Amino acid sequence: MKTQLLSAQCSTDLTQAAELLKAGEQVAVPTETVYGLAADASNPDAVAGIFTAKGRPANHPLIVHLGDVASITEWATPIPDEAYKLANAFWPGPMTLLLPRAEHISPVVTGGLDTIGLRVPAQPVLLDLLATHQLAVAAPSANPYKKLSPTTAEQVMHGLGGKIAAVIDGGPCQHGLESTIVDLTKRPFRVLRAGPITASELSAVLGETVDAPEQHDTVVPGNVGSHYQPNTRLQMVAADLSDLSAPHPEKRAALLHFGDAPTRDDLVCIAMPDDAARYGQALYHQLAQADQLGVDEIWLAQPPHGEAWLAVHDRLRRAVS
């Protein structure tokens, strides 16, 4: 299969993408979080093609992307009032609501579960595509299973070229990390995947505490022990770089760091932003860049802690070899 590269700036290309999706094909789309591998969520065979292309186990649930808030009634029931409070505050945006799935929804979409993840994306091209063509798409990250989530169309082509029908090039992603998933199926409400929207922000809108446990056993997208991994071995080092190995005459490493870094022939140094939002936006991209350097290892200086950094630490905990 030849994967077509379509432009988000070309209306003809976007119409072609919509036609491919309606025909049951898989198309990688830009979102404000990461690029997603989309298929018509109402077509179980098309959705099954996502799992095949990614090499993803079929019992892993997918997130359905909608064109507007009103569409959630077609996918979930019952819907608590709190879902609309959060939707009105954060949609379109990087928040996924976990709700009871409507009875007619195929278990192929939900990984066999009785819950479904829904969100309205903030990427304007994708949002217009969904609304204009009356589409809802299941769309996990557009990467081979457990590998780095792509934040550019080039990275999608590198990982899935030849396996899917098309990629819409919408430029770099705004956030660079996957959406926050919040479980509204039981109280207390819980964040099940950290993302750009924090538990404190959710709590402020609802007027009640939203928990954010570091460990839980609820099956949601991205909740596996090893995930988001570059092909090159990734190791964490101290933020002050005090535990770096001594120079090695036969090995080279890429070092993602804050501030000054040592000048060494065996190191390729990559400076990272020092605030959480910009760091998250850069993380997958810089790891992908380091992966292409032909080094033996990637070293990453420990990022700061705090609520704003929870999503970064969640991804790195799963990515470190």
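Predicted model: local features only at pLDDT ≥ 70, side-chain atom pairs only at ≥ 80, totals over all residues.
Student: How much space lies in the largest cavity?
Tutor: The largest cavity holds about 220 Å³ of space.

Student: Which residues lie nearest its centre?
Tutor: Nearest the centre of the largest cavity lie Ala139, Pro140, Ser141, Glu178 and Arg193, which belong to a lining of 22 residues.

Student: How do the residues of that lining divide into nonpolar, polar and charged?
Tutor: In the lining of the largest cavity, nine residues are polar, eight are nonpolar and five are charged.

Student: Turning to the open sheet of four strands, what is the order?
Tutor: The order is S11-S14-S12-S13, and the pairing is parallel. Strand S11 (233-237) and strand S13 (267-271) are the edge strands, each pairing on one side only.

Student: How are neighbouring strands of this sheet turned against each other?
Tutor: On average, neighbouring strands of this sheet are turned by 25° against each other, direction ignored.

Student: How many bridges join S12 to S14?
Tutor: Strand S12 (residues 253-257) and strand S14 (residues 297-301) run parallel and are joined by four bridges.

Student: And what is the bridge partner of Ala254 in S14?
Tutor: Ala254 has Ile298 as its bridge partner in S14.

Student: Which helix packs on the sheet, and which strands is it touching?
Tutor: Helix H8 (residues 276-291) packs on the sheet and touches S11, S12, S13 and S14. The direction of helix H8 makes about 160° with that of S14.

Technical notes
Residues numbered from 1 in each chain as written. Heavy atoms only, no water. 1 Å grid on protein atoms, 1.4 Å probe; cavity = no way out; pocket = protein on both sides within 12 Å on 5 of 7 lines; lining within 4 Å. Points joined across faces, edges and corners; volume = space filled by probe spheres on them. Nonpolar A, V, L, I, M, F, W, Y, C, P; charged D, E, K, R; others polar. Pairing = 2+ DSSP bridges. Helix = DSSP H or I, 4+ residues; strand = E, 2+ residues; numbered from the N terminus. Axes fitted to C-alpha atoms, helices over the stretch in contact; angles between N-to-C directions. Contact = heavy atoms within 4.5 Å.
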